[in-house]
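This report describes the overall architecture of one protein model and then examines selected residues.

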Amino acid sequence: MADDYLVRIGKLIRDARQHRGWTQSQLAEALGTSQSAVNRIERGNQNISLEMIARIGEALDSEIVSLGYAGPMHLRVVGGRRLSGAIDVKTSKNACVALLCASLLNKGRTVLRRVARIEEVYRLLEVLGSIGVRTRWINDGVDLEIIPPATLDMDAIDAEAAVRTRSIIMFLGPLLHRLDRFRLPYAGGCDLGTRTIEPHMIALRRFGLEVAATEGHYHAVVDRSVSPGRPIVLTERGDTVTENALLAAARHPGTTVIRNASSNYMVQDLCFFLEALGVRVEGIGTTTLTVHGVPDIDVDVDYSPSEDPVEAMSLLAAAVVTESELTVRRVPIEFLEIELAVLEEMGLDHDRTPEYVADNGRTRLIDLTVRPSKLEAPIDKIHPMPFPGLNIDNVPFFAAIAAVAQGKTLIHDWVYDNRAIYLTDLNRLGGRLQLLDPHRVLVEGPTRWRAAEMMCPPALRPAVVVLLAMMAAEGTSVLRNVYVINRGYEDLAERLNSVGAQIEIFRDI
């Protein structure tokens with residue numbers, strides 16, 4: 001019985017810490033204890049006094065004993081308001097999670113600048129902390145410092161945090177250099193239908209990694225005698241597949257050629273980071289990458305990931321759907337050129353500044369001002385393609401944009417099994433979307449949005465699309481259980497409020 005109470009108290013503390021946006025290391029620093037002690041407390045593996053509970057509650061500004069679990073977060077949206085002013089794009093979610101995984105390659109100190117403070121990052125930090133990696137927010141919580149241990153404690157891995165992120169799959173590439181055998185919990189993340197990891201396995205087997213999936217875990221064994229003797233051809237041009245192959249090749253002695261590689265934004269940021277570690281990568285931005293591996297990496301590195309093109313698209317869509325004039329600053333234009341070309345053909349009125357360079361010294365940025373426009377449905381269907389095509393994650397935003405355009409737009413989301421289905425949630429808000437099959441949606445506009453109360457779709461981008469439609473709908477809407485939005489966006493409600501939205505965060509009592 002006592003053990004059960006310890007587990008329940010541990011979960012309350014963990015929930016309060018996550019709500020505060022702290023890592024285990026930050027809480028440990030506030031309490032004058034170690035990150036490992038906080039980890040044991042949250043897992044229910046350590047006796048804890050009432051005095052310690054009170055100290056934790058004071059540190060987290062949460063009455064843990066009297067209030068307990070705060071419940072899921074909801075949003076109350078007063079719609080029909082015009083946005084104005086300017087808003088900055090945050091750093092890339094997908095780049096940040098890849099760089100956290102890549103930090104396992106380095107024996108030295110890694111500092112990542114302006115890391116996105118999102119749930120996906122917090123889950124990975126909890127996993128890293130549980131296996132012995134020291135992480136802490138520095139420079140007023142803006143930057144992240146990562147210091148690995150000499151030996152990773154994989155037996156202590158935080159499985160609960162790991163299963164809530166698909167990014168855990170990218171531990172395979174770096175861990176195969178450090179351990180002969182290990183296990184990882186199954187990858188989770190968005191509910192987007194069946195997503196096989198076989199393309200990862202095909203690439204990583206060339207480095208001697210064999211994985212058996214049993215009882216909720218990937219059981220990995222590494223054969224050091226195996227080496228890729230010829231180019232690795234990826235069976236799908238996926239972002240995380242390419243990243244895993246890069247992570248495996250980074251510390252593999254000699255030269256590795258990766259063909260049919262993704263050249264998307266997060267892959268490029270990973271390549272730039274690997275170069276900062278001393279790994280030479282040729283062909284960045286193309287579908288053939290040549291990696292000159294470094295068997296031992298022990299350097300102190302400081303790197304700034306670039307801005308997130310999908311967040312930029314989200315903010316652009318917010319302006320379009322609410323018929324607002326809004327300036328979106330620090331837009332990574334090379335990863336939005338196709339989207340903007342499509343929107344220009346639909347009639348979007350916008351201006352852009354001359355290009356300038358991101359903090360990583362490589363990515364091209366602009367500031368983009370969007371004005372209210374009379375949009376027409378595009379002649380051709382909207383469909384994603386690998387970079388430099390229209391980004392897969394930007395397709396859902398075209399559902400909301402097409403809904404305010406005159407005419408019918410066909411959206412073909414061929415990549416994911418279920419995501420197009422979630423777009424029909426816009427019908428609850430007055431949209432006219434017809435699901436033709438699990439991958440195709442016909443959108444008819446223009447739309448007279450109306451307020452509604454509904455549950456958040458379990459997929460990140462469709463969830464944000466619903467939020468944008470609520471911002472356009474006259475009246476008060478409620479979007480319940482928005483954890484999935486917090487997985488990919490930092491303080492989205494507050495930032496939208498800063499440019500004129502009216503969104504209130506609340507929880508059930």
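The protein has 19 helices and 23 strands, where helices (H or I, at least four residues) and strands (E, at least two) are DSSP runs numbered from the N terminus. Its radius of gyration is 23 Å, close to the 23 Å that the globule rule gives for 509 residues, so the protein is as compact as a globular protein of that length. The radius is taken over C-alpha atoms, and the globule rule is 2.2 Å times the number of residues to the power 0.38. Along the principal axes, the C-alpha atoms fill a box of roughly 60 × 60 × 40 Å.

This is a predicted model, in which local features need pLDDT of at least 70 and side-chain atom pairs count only at pLDDT 80 or more, while totals for chains, interfaces and linings use all residues. Residues are numbered from 1 along each chain as its sequence is written, and side-chain values use heavy atoms, with hydrogens and water left out.

Of the 509 residues, 58% count as buried (under 20% relative accessible area; exposed is over 50% and partly exposed in between, with a 1.4 Å probe and protein chains only). The accessible surface comes to about 20200 Å², of which 48% belongs to carbon and sulfur atoms; areas come from the Shrake-Rupley method with a 1.4 Å probe, and for residues only the protein chains shown count as cover. Among contacts (heavy atoms within 4.5 Å) with a separation of 6 or more, 74% are accounted for by residues 24 or more positions apart.

The count of disulfides, defined as pairs of cysteine sulfur atoms within 2.5 Å, comes to 0. For cysteine 101, which is in no disulfide, the nearest cysteine sulfur is that of cysteine 96, 11 Å away. Cysteine 271 is likewise in no disulfide, and the nearest cysteine sulfur, that of cysteine 101, is 15 Å away.

| Residue | Relative accessible area | Class |
|---|---|---|
| Cysteine 101 | 0% | buried |
| Cysteine 271 | 1% | buried |
| Threonine 33 | 34% | partly exposed |
| Glutamate 376 | 45% | partly exposed |

Threonine 33 lies in the loop between α2 (24-31) and α3 (35-42). Leaving aside neighbours within four places in sequence, threonine 33 is in contact with Ala28 and Val38.

Glutamate 376 is placed in the loop between β17 (364-371) and α15 (395-403). Residues up to four places away in sequence not being counted, glutamate 376 touches Met346, Ala405 and Gln406. The C-alpha atoms of glutamate 376 and leucine 348, which are 28 residues apart along the chain, are separated by 9.2 Å.
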